[in-house]
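I am opening a notebook on a structure I have not looked at before. My entries follow the order in which I looked things up.

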Amino acid sequence: MKRAGRIWHVREASTLAILMLEIVFFGWYLWPDGGGSYHPFLNSSNALLVLKYSSIYGIAAIGAAIVIISGGIDLSPGAVIALASVATGGLLVDAGWGLAPSIAAGLLVGVVSGLLVSLLVIVVQLPPFIATLGAMGIVRGAGFILTEGRYFDVSRILPPGWRPLGIPLDWWPPVVMIVLAAVFQLMMHRLQWGRAVYAIGGNETAALFSGISIGRIKTSVYLISATLAAVSGVVLALVQGQGKADLAMGYELDIIASAVVGGASLSGGRGSVIGAVLGALIFGVLRNALAQIPGATFYDRMIVGVVVIVIVVMDQILVKRGA
Amino acid sequence: MRKAKILSVMLLAVTAVGCGGSGTPPADAPRKLRFAVIPKALDLPVFDYAKVGAERAAKQLGNVEVIWRGPETGDQLKQKEILESFITQRVDGIAISCLNGDFLTDTINRAMDAGIPVVTWDADAPKSKRIAFYGVDDKAGGRILGEEAVKLLNGKGTVALMTTYGATNLQRRLDGVLEVLAQHPDIKVIETFDVKEDTVKAAELIATGTNRYPDLGAWISVGGWPVFTRNALTPVPKTTKVVAFDTIQPAPELVKAGKVQILVGQKYFGWGEEPVKMLAGIKAGKMPSATIIDSGVDIVRADNVDAYVAQFKKLEEGK
């Protein structure tokens, strides 16, 4: 167990090392010609930019990592993000609701989606892949039915230069991501619940015989995953100023990739919340840097694919050595 | 309310089938012409106005029913499937905005061979047997974008382009922009960003691009991604000009706020209205006056934005 604990720490440290290496590499690659004083990549506003956009994936990746650690998979976060943005946006813009109830409605989308998936996985006993694939379609479809292709211009409602609780709007996504990552990291490692999630993912039968309530833990896991995706959707609606049924199309794969790159094993029982957030940042830095390299547009998909494979292979080598 | 109506209709339809077709209208009732109008995607706000135009034309004509159906997102295969389903339904006419004209050519030809007249709007399938196309030549639209950008930059500076690769009409607009910019050696294209039809990605690229190129002369977008929300252009400094396609709200508000200098808009209401009228004419034996019917474009600047918004509102209200 102690050795296993060491591997987790090594894994998180290695993800952080990859992120730092990536930053150093692009810092060097994008060094200003002629040694100009303004570095287009290594500056504070660009760092905020990376954090802001990575947070959309990162918040949902926390939930994805917990699901993967429990031995499951969740394909619905992209759809939940979109529907939460639609619910919050629609109620703010069309129904004239206040901010707090609109946000609550957006989050409720996550709770309902999570309960639906739990029902399908635990009661109907569908494999998580099928259950969340179905939920993805239902939730995405609900967004299109509600909007009929329209979008809600949330930016029309929010005051320009809005600073909720005195914090600039752009800072909110990273703040939410970091706070949630810290909370769930602690929950996963300090609470019995967290240890039960690892135990179920590691060996479900053994977990059952050791008295863990599998159904209850799995319900909580899918509920958390969908609710965190809804948090991401609400943040997206407020920060980007739009509620749209086609937002975050295909993001579920990036979210899962973030968790996997951050050390979550698709066979369950292994991974970390902090690792998933670091994984989201690795992709965020990559998107940001590639956008600054002329001609890289056509390569970004390929590079992201290669990065996923390279990091997971490195992970396997690391684990074999650690074991 | 509307959803309740749709559900009621679905229930009625099921009941009618269950009752052995007791709901079929009497044989002597005048049959309405059923025209399928297919947009590129249902999630693009500009097509809502085309729908308004199509339904208005149907109402004016009286004997026409418009069936509005398209893929939820810009999915070429789904659009083809929808087109094929309308052929099997033997509708009286099809008006389609093609995501990929070449990909749809055979299917359009099949519809024509089956005696279903097809017209295209917004985005054409020029190699097909379609009867006519209503819209703007995308390359010409792109040229207008390029020319307006050149004027704003006084013929020199750097520009970043924004597109989504894979869509024929956007590629033609991009070609038009590049054709104009190529004539101005003092204008340098620093990058062509692929936003992949994702407005969040567009906002991220604008912020990253602005950070990377703080002295950028202009952003030229061949689609409306940067102007579909007020927030995407927030990081862009006043020294950088913005020229974009599409004029629906909040884009005009961005012109008023000085964040956007030029918008090039198409005849969104006409996209729906004119093809429906054309199809009705064809069914009555009157062919369109030309194969390509140029709709023209609207160019919106600070000095005409108020008039444009007022006119748009009138059209939206069906006046």
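**Entry 1: chain B as a whole**

I began with how far apart in sequence the contacting residues of chain B are. Counting contacts between residues at least 6 apart in sequence, I found that 71% join residues at least 24 apart. I noted that this is a predicted model.

Next I looked up the secondary structure. Chain B has 10 helices and 12 strands. I also checked burial: of the 319 residues in chain B, 50% are buried.

**Entry 2: confidence in chain A**

I turned to the confidence values. Chain A has a mean pLDDT of 90, and 94% of its residues reach 70 or more. Where in chain A is confidence lowest, and where is it highest? Helix H12 (residues 300–322) of chain A is lowest, with a mean of 77. H4(A) is highest, at 97. I keep a reminder here: where pLDDT is low, predicted coordinates should not be read in detail.

**Entry 3: helices packing on H9(A)**

I looked at H4(A) again, this time for its packing. Helix H4 (residues 99–123) of chain A packs against helix H9 (residues 214–240) of chain A at an angle of about 150°. Their axes are 7 Å apart. Angles over 145 degrees count as roughly antiparallel, so H4(A) is roughly antiparallel to H9(A). Their crossing is right-handed. I sorted the contact of H4(A) with H9(A) by class and got 16 nonpolar, 10 polar and 1 charged residues.

H9(A) also packs with helix H3 (residues 77–93) of chain A. Their axes come within 7 Å and cross at roughly 50°. That angle makes H3(A) oblique to H9(A). The crossing of H3(A) with H9(A) is right-handed.

Which residues of H3(A) and H9(A) meet? On the H3(A) side I listed several, among them Val80(A), Ile81(A), Leu83(A), Ala84(A) and Thr88(A). On the H9(A) side the list includes Ala226(A), Ala229(A), Ala230(A), Gly233(A) and Ala237(A). By class, the contact of H3(A) with H9(A) has 12 nonpolar, 6 polar and no charged residues.

**Entry 4: where the chains touch**

I moved on to the contact between the chains. Chain B puts in 27 residues and chain A puts in 26 residues. On the chain B side, helix H2 (46–61), strand S7 (187–194) and helix H7 (199–212) each supply at least two residues. Which of the elements gives the most to this side of chain B? H7(B) does, with 10 residues. By class, the side of chain B that touches chain A has 10 nonpolar, 8 polar and 9 charged residues.

**Entry 5: Leu263(B)**

Leu263(B) sits in strand S10 (residues 262–265) of chain B. Is Leu263(B) buried or exposed? It counts as buried, because it has 28 C-beta neighbours inside 10 Å, and 20 or more is the cut-off.

I then listed its contacts, leaving aside neighbours within four places in sequence. They are Val227(B), Ala244(B), Asp246(B), Thr247(B), Ala251(B), Val255(B) and Val300(B). Val227(B) is 36 residues from Leu263(B) along the chain, and their C-alpha atoms are separated by 9.2 Å.

I started from a general point: most residues other than glycine have a negative phi, and most peptide bonds are trans. Then I looked for exceptions.

The peptide bond from Gln249(B) to Pro250(B) is cis, with omega near 5°. Pro250(B) is in the loop between strand S9 (241–245) and helix H8 (251–256) of chain B.

Asp122(B) is not a glycine, yet its phi is positive, at about 65°. I placed Asp122(B) in the loop between strand S4 (118–121) and strand S5 (132–135) of chain B. Asp122(B) counts as buried, with 27 C-beta neighbours inside 10 Å.

Asn154(B) also has a positive phi, near 55°. Asn154(B) lies in the loop between helix H5 (138–152) and strand S6 (157–163) of chain B. Asn154(B) is exposed, since 10 other C-beta atoms lie within 10 Å.

**Entry 6: Gln183(B)**

Gln183(B) is exposed, with 11 other C-beta atoms within 10 Å. Gly296(B) is 113 residues away from Gln183(B) along the chain, and their C-alpha atoms are separated by 24 Å.

How values were computed:
Residues numbered from 1 in each chain as written. Chains lettered and ligands numbered in written order. Predicted model: local features only at pLDDT ≥ 70, side-chain atom pairs only at ≥ 80, totals over all residues. Axes fitted to C-alpha atoms, helices over the stretch in contact; angles between N-to-C directions. Helix = DSSP H or I, 4+ residues; strand = E, 2+ residues; numbered from the N terminus. Parallel < 35°, antiparallel > 145°, perpendicular 65-115°, else oblique. Left-handed = near helix turned anticlockwise from the far one by under 90°. Nonpolar A, V, L, I, M, F, W, Y, C, P; charged D, E, K, R; others polar. pLDDT = per-residue confidence, 0-100. Buried ≥ 20, exposed ≤ 12 C-beta atoms within 10 Å, placed from the backbone. Contact = placed C-beta atoms within 7 Å.
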